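Student: I've just opened this one. Can we go through it together?
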Amino acid sequence: MKQNILIKSVFILLLALILTAGGSIPYLFESPSILYKTGLDKFLLRTGKIAGIAVVILMVTQLFFIANLQWLTPLFKTKNLYRYHRINGLILLAAAIAHPILILGADHFVFFPLEYRYWPEILGLFLLVFLVSFVLISVWRGKMGISYPAWKRIHRIGAVLLFFLVFVHVHNVSETFAAGVPFYSLCAMAGIFGLLILKKFLR
């Protein structure tokens, strides 16, 4: 019992540390957009970037809850893990919605032009619509007449596509993630996600 509590605590602490480390990136590796901001605008932009980073980390965490890992499932129990998956999904959605609102707020809600050079930002808006639709379908699939097997296939394919596009968005939308520690951290997140997806599909 004590060993289980210890491992649970380590897992929760590790997640908290990863979120904290991710949240420190806009402070330690400031993008030009942050450098040129001051006061409230700088705070909103930085907080928006932190929310976006949290989305990536929480997306990877989602897979830990449903990957049926031999060392994790006995500790938290399958029923609890799926409950955490749903709760984490709602937190993830809230962070994803807050992300563009805070960033646009830093620019006084002046919307960027719909031009090709802004394709990473346009992709981000598409991803937000994608994610909201993804969650709504998951919550109301019964009322929408979608069977569980069909929803499961949609969920799996959608999750892979969503994370791949999120990786592309993050890598291209900010110079912070173009190279160095932030880029390698993003690659690590993508690698972990890929391994968990592979395990899930091959199971």
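Predicted model: local features only at pLDDT ≥ 70, side-chain atom pairs only at ≥ 80, totals over all residues.

**Packing and loop residues**

Student: Start me off with V170. What is V170 in contact with, leaving aside its neighbours within four places in sequence?
Tutor: V170 is in contact with V56, F177 and L186. Contact here means heavy atoms within 4.5 Å.
Student: Fine. Where does V170 lie?
Tutor: In helix 7. Helices are DSSP runs of H or I with at least four residues, strands are E runs of at least two, and both are numbered from the N terminus.
Student: Does V170 count as buried or exposed?
Tutor: V170 counts as buried because its relative accessibility is 13%. The cut-offs: buried is under 20% relative accessible area, exposed is over 50%, and partly exposed is in between, with a 1.4 Å probe and protein chains only.
Student: And L186, how many Å separate its C-alpha from that of V170?
Tutor: The two C-alpha atoms are separated by 8.4 Å. Along the chain, V170 and L186 are 16 residues apart.
Student: Now the core. Which members of the largest nonpolar core touch the most others?
Tutor: V56, M59, L131 and F163, out of 43 residues. A nonpolar core is a set of buried Ala, Val, Leu, Ile, Met, Phe, Trp, Tyr and Cys residues joined through side-chain atoms within 4.5 Å.
Student: Which elements give two or more residues to this core?
Tutor: Helix 1 (2-28), helix 3 (39-66), helix 4 (73-76), helix 5 (78-106), helix 6 (119-140), helix 7 (148-173) and helix 8 (180-202). Helix 3 gives the most, with 10 residues.
Student: What does M59 touch, not counting residues up to four places away?
Tutor: L92, L162, F163, V166 and F193.
Student: Over to helix pairs. At what angle do the axes of helix 3 and helix 7 cross?
Tutor: Roughly 155 degrees, and the axes come within 11 Å. Axes are lines fitted to C-alpha atoms, for helices over the stretch in contact, and angles run from 0 to 180 degrees between N-to-C directions.
Student: What do you call that arrangement of helix 3 and helix 7?
Tutor: Helix 3 and helix 7 are therefore roughly antiparallel. Angles over 145 degrees count as that, under 35 as roughly parallel, 65 to 115 as roughly perpendicular, and the rest as oblique. The crossing of helix 3 with helix 7 is left-handed. In a left-handed crossing the near helix is turned anticlockwise from the far one by less than a right angle; clockwise is right-handed.
Student: Which residues in helix 3 and helix 7 meet?
Tutor: V56, M59 and V60 from helix 3, with L162, F163, V166 and V170 from helix 7. By class, this contact of helix 3 with helix 7 has 7 nonpolar, no polar and no charged residues. Ala, Val, Leu, Ile, Met, Phe, Trp, Tyr, Cys and Pro count as nonpolar, Asp, Glu, Lys and Arg as charged, and the others, Gly among them, as polar.
Student: How do helix 3 and helix 5 pack, by angle and axes?
Tutor: At about 160 degrees, with the axes 7 Å apart. The crossing of helix 3 and helix 5 is left-handed. Their contact has 18 nonpolar, 10 polar and 2 charged residues.
Student: And how do the axes of helix 5 and helix 6 cross?
Tutor: At roughly 155 degrees, coming within 10 Å. That makes helix 5 roughly antiparallel to helix 6. The contact is made by L90, L92, L93, A96, I97 and P100 of helix 5 and L128, L131, V132 and V135 of helix 6. These residues divide into 10 nonpolar, no polar and no charged.
Student: New topic. Where is H108 found?
Tutor: In the loop between helix 5 and helix 6. Phi of H108 is near 60 degrees, a positive value in a residue other than glycine. H108 counts as exposed, at 58% relative accessibility.
Student: What about F109, buried or exposed?
Tutor: F109 is exposed, with a relative accessible area of 56%. F109 has a positive phi of about 60 degrees, and is found in the loop between helix 5 and helix 6.
Student: Last one: what does Y118 touch, beyond four places in sequence?
Tutor: F112 and P113. Y118 lies in the loop between helix 5 and helix 6.

Conventions:
Residues numbered from 1 in each chain as written. Heavy atoms only, no water.
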